[in-house]
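Here are some notes for a colleague who has not looked at this model before.

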Amino acid sequence: MQGDRPMSWPVIARDVLGEGHVSSFVNETIEVPTGELIERQYLTHPGAVAVVAWREETDDIAVLRQYRHPVRAVLVEIPAGLLDHGDDEAYVVAAQRELAEEVALAADRWEVLVDICTTPGACEETLRIFLARDLRPTSRPEGFELEGEEAQMTWGWEPRADLVDAVLAGTVVSPSLCTGILALETARLSGFTQKLRPADAPWPIRER
């Protein structure tokens, strides 16, 4: 099948309506193919990575429980973080850093599980979810300290099958977890876990 294709309608004007620590809220006036001008508001975003850390021998996955203030809930999540360490940091290196920082784990096997745009109508965030296997304990990076909501989060192992059930039952709603868990389940049932993309695979939507 034909996949997504890059396209950019002309931007006639751009106004920054607000700036935050991670994102800015912008209004752009764009010209559609008919010549009409329309306005669209969205959040800028540096992009992110997430990790499904799968302990195959016991068939469980490392998950976090972290408070998310905008939705007023403690969500079950997988390790994840922003691509905010400069353009020279490889995506898989960012994922390895996040896995070590949040759950003190390292992995000897890395592959790309799935790429998504989390909310393409309202935010430019792109997210790459990696599958990490052959896991082992490691130390958190030197000088790293958990802060803010992360200082209160906990983590542990949950059976993969239980997570699939929880996603389909609607009792967990984190987009990175739901996408990652269902992508892994699809790959597992189809035998695709041996044919996943390598960890350094191109990420087309970020390479325009």
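1. A contact here means heavy atoms within 4.5 Å. On that basis, of the contacts in the chain with a separation of 6 or more, 60% are between residues 24 or more positions apart. Please keep in mind that this is a predicted model.

2. The chain has 11 strands and three helices. Read from the N terminus, the order of elements is β-β-β-β-β-β-β-α-β-β-β-α-α-β. The chain is as compact as a globular protein of its length, because its radius of gyration of 18 Å is close to the 17 Å that the globule rule gives for 208 residues. Along the principal axes, the C-alpha atoms fill a box of roughly 60 × 45 × 40 Å.

3. On burial and surface: 42% of the 208 residues are buried. The chain has an accessible surface of about 12,000 Å², and carbon and sulfur atoms account for 51% of that surface.

4. On charge: the chain carries 19 positive and 36 negative charges.

5. Which residues of helix H2 are buried? In this helix, which spans residues 160-169, they are Arg160, Leu163, Val164, Ala166 and Val167. These residues are on the same side of H2, because they cover an arc of only 165° around the axis.

6. What do the buried residues of H2 pack against? Their partners are strand S4 (48-55), strand S5 (60-68), strand S10 (154-159) and helix H3 (175-190). On the face of H2 turned away from its buried side sit the exposed residues Leu168 and Ala169. After H2 comes glycine 170, which has a positive phi, near 80°.

7. Where is glutamine 152 found? This residue lies in the loop between strand S9 (126-137) and S10. Is glutamine 152 buried or exposed? Exposed means over 50% relative accessible area, and glutamine 152 has 65% relative accessibility, so it counts as exposed.

8. A last point concerns sequence distance against spatial distance. Glutamine 152 and arginine 65 are separated by 87 residues in sequence, and their C-alpha atoms are 8.8 Å apart in space.

Conventions
Residues numbered from 1 in each chain as written. Predicted model: local features only at pLDDT ≥ 70, side-chain atom pairs only at ≥ 80, totals over all residues. Heavy atoms only, no water. Helix = DSSP H or I, 4+ residues; strand = E, 2+ residues; numbered from the N terminus. Rg over C-alpha atoms; globule rule 2.2 N^0.38 Å. Buried < 20%, exposed > 50% of the residue type's maximum accessible area, 1.4 Å probe, protein only. Areas by Shrake-Rupley, 256 points an atom, 1.4 Å probe, with all protein chains shown as cover. Lys, Arg positive; Asp, Glu negative; His and termini not counted. Charge placed at Lys NZ, Arg CZ, Asp CG, Glu CD. Arc of directions from axis to C-beta.
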